[in-house]
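Let's take a friendly walk through this chain. Please have the sequence and the structure open as you read.

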Amino acid sequence: MTSPYFSHSRSIVTRSVRCTPLASLKSKATKKQRNVITTSSVEVKVEEEEASVSQPRYPLPSGNTQAIVQPKTETDLPLVSKSRRRRQLKVEYDKDEDVGLVKPEHWEPPDWRKQLGYIREMRSSRDAPVDNMGAKTCYDTEAPAHVRRFQVLVSLMLSSQTKDQVTAAAMQKLRAHGCTVENILSTDDETLGKLIYPVGFWRTKVKYLKQTSAMLQQEFGGDIPDSVEGLVRLSGVGPKMAHLAMDIAWDKVSGIAVDTHVHRIANRLGWVRKATKNPEETRKALEDWLPRELWSEINWLLVGFGQQVCLPVNPLCSMCLNQHSCPSAHRASPPKKHKAGSPRSPEPPSSAFNGKTEEEDESAVKDEKSKESLLPTPRSPTVQRRKQRSKVDH
């Protein structure tokens, strides 16, 4: 009795033996191997994709020690990098936000408004040299606008290391000669030096005037620059002159003009957080706290105040209204030494040590004066020669 199972298997065997030569068997074997390889690779890829889907994208907590290590695939790499980028951006944003919340500390000197009010009161008469002979009064009001601006710049250049009285006299002579860019260039150095003499460093200023005039004619059409950067490029023009020129010539407030008076008074009043060494440091320190609407006024206020009351040597602290609030009051100049024997002198009179009476001292002083009168007065060699010549002639 034959089973269908055995008959089926027998038919498969007979079918395979009957229609396959040797070459066809080899080709079929290679095809089967290829099919197996491709199917295996597809299965591996499917398994890896399933593993990547099942793998958590976020790190496991620190307490979980059974972390499953899965192989990284190309599809996972961009996801990890994106998550890392999000974390970095978030941290940077938090840092910037924290820094923005911290506000810089605002500092201003104590009682500065009260001190400024007293200075305004002391300057109310406006009779200082800077009021009558400063740069605001040295230009020709009837000249064209560009000529007026040039004359303001020239007066500022001449005012360096020079008193206002000398600067005003030099500007008066220049205006009579013709204070324009064209006239300055056509005037020789010797004539120009005679016109501005005796301003400080007049020889150097003659060169600066010629160089500045040539630059203004070539680059600015005979007018002065309308910016601090352009003004500082000119020969002999510093930051103080540039800010004053912007204020007077262009009616623009670009900064505080600090000269020796403003530098000295700001340090004496304690208007700088730390003691400054030069006017440029003082300008930066004042601009940090002083309101901008006072930048134009503060220069002429302190300059006139320094010319009349807060002098460089022996300031008149007893006349100043800020003597009770100024930290440098009565300290800026050394105390005067009184003569020995005067009521304010700490030293006793010399007569107490000599044991002489006042009458004896007075008689001794008279004797010394009489002896000095008998002695011949010293004469210069020229006077002696003249007397000898007069004797020979007679």
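Predicted model: local features only at pLDDT ≥ 70, side-chain atom pairs only at ≥ 80, totals over all residues.

Helices here are DSSP runs of at least four residues, numbered from the N terminus.

Leaving out residues up to four places away in sequence, Asp226 touches Met246, Trp250 and Lys252. The C-alpha atom of Asp226 also lies 8.9 Å from that of Ala249, a residue 23 places away along the chain.

## The chain as a whole

The chain holds 18 helices and zero strands. Of its 394 residues, 30% are buried.

Now take the contacts between residues at least 6 apart in sequence: 60% of them join residues at least 24 apart.

In soluble globular proteins, nonpolar side chains tend to be buried together. In this model, the largest nonpolar core has 36 residues, and Val154, Leu158, Leu174, Leu209 and Leu231 have the most contacts inside it. Helices H6, H7, H8, H9, H10, H11 and H12 each supply at least two residues of this core. The largest share, seven residues, comes from H6.

Apart from neighbours within four places in sequence, Val154 is in contact with Met171, Leu174, Cys179 and Leu209. A second, separate core has 29 residues, including Trp289, Leu294, Ile298 and Leu302.

Technical notes: Residues numbered from 1 in each chain as written. Heavy atoms only, no water. Core = buried A, V, L, I, M, F, W, Y, C linked by side-chain atoms within 4.5 Å. Buried < 20%, exposed > 50% of the residue type's maximum accessible area, 1.4 Å probe, protein only. Contact = heavy atoms within 4.5 Å.
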